[in-house]
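Trainee: Can you walk me through this one? I'm new to it, so please keep things plain.

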Amino acid sequence: MRILKSVQTKVCVDGSLMKEYVLDEPLTQGFLKFLEQFGTVRYLEQLKKPYFSFEKERFISIKGFVGESNVEVRYKKEFQDLVADYFHLLLYYYREGEPGIVKLKGVEESIREKMKIRLGLSDGNSR
């Protein structure tokens, strides 16, 4: 999956940044299974169009409908600059399957270390 275009960008009341993207193919169950490796996925299949949401604490949230190509991504206020490419990374590493999961977990660890430094939680001895 790749992003074709960003159709809307806005700053929300809580300071988070919301972007709506159009993807080159519809969202699938396989992508939701991939997302489960990185955060919390809620899936409501009983609706007319199956709806899902994904939450990665301090990173992003994603909302959309399975089978649709539009998706809403919300970047958390405190770390927008550190997680700005995270959705792009999810799409990229999804194509790689299992090896992509391992690689993205490594990228996440690097981002988390930067978050700790910003929050003043890094003591030099943390992993």
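This is a predicted model: local features need pLDDT of at least 70, side-chain atom pairs count only at pLDDT 80 or more; totals for chains, interfaces and linings use all residues.

Trainee: Okay, so is Ser53 buried or exposed?

Mentor: Ser53 counts as buried, because its relative accessibility is 12%.

Trainee: Where does Ser53 lie?

Mentor: Ser53 is in strand E4, residues 51-56. Helices (H or I, at least four residues) and strands (E, at least two) are DSSP runs, numbered from the N terminus.

Trainee: And which residues does Ser53 touch?

Mentor: Setting aside residues up to four places away in sequence, Ser53 touches Thr40, Val41, Arg42, Ile62 and Lys63. Contact means heavy atoms within 4.5 Å.

Trainee: Let's zoom out. How many helices and strands does the protein chain have?

Mentor: The protein chain has 4 helices and 6 strands. Starting at the N terminus, the order is β-β-α-β-β-β-β-α-α-α. The radius of gyration is 15 Å, close to the 14 Å from the globule rule for 127 residues, so the chain is as compact as a globular protein of that length. That radius is taken over C-alpha atoms, and the globule rule is 2.2 Å times the number of residues to the power 0.38.

Trainee: How much of the protein chain is buried?

Mentor: Buried residues make up 35% of the 127 residues. As for contacts with a separation of 6 or more, 49% of them are between residues 24 or more positions apart.

Trainee: Switching to helices: how do H3 and H4 cross?

Mentor: The axes of H3 (residues 86-94) and H4 (residues 98-119) come within 9 Å and cross at roughly 160 degrees. Axes here are lines fitted to C-alpha atoms, for helices over the stretch in contact, with angles from 0 to 180 degrees between N-to-C directions. Angles under 35 degrees count as roughly parallel, over 145 as roughly antiparallel, 65 to 115 as roughly perpendicular and the rest as oblique. H3 and H4 are therefore roughly antiparallel to each other.

Trainee: Which residues make the contact?

Mentor: From H3 they are Tyr86, Leu89, Leu90 and Tyr93, and from H4 they are Gly100, Lys103, Leu104, Val107 and Glu108.

Trainee: Tell me about Leu90. Is it buried or exposed?

Mentor: Leu90, in helix H3, counts as buried at 0% relative accessibility. Beyond four places in sequence, Leu90 touches Phe31, Phe34, Leu35, Phe38, Phe54, Ile60, Ile62 and Leu104.

Trainee: What about Leu32, where is that found?

Mentor: Leu32 is in helix H1, residues 29-35, and is buried with a relative accessible area of 4%. Not counting residues up to four places away, Leu32 touches Val41, Tyr43, Phe52 and Val66.

Trainee: Last one: where is Lys76 found?

Mentor: Lys76 is in the loop between strand E6 (70-75) and helix H2 (80-83). Lys76 is buried, with a relative accessible area of 18%. Apart from neighbours within four places in sequence, its contacts are Ser16, Glu55, Lys56, Arg58, Phe59, Ile60 and Ser61.

Notes
Residues are numbered from 1 along each chain as its sequence is written. Side-chain values use heavy atoms; hydrogens and water are left out. Buried means under 20% relative accessible area, exposed over 50%, partly exposed in between (1.4 Å probe, protein chains only).
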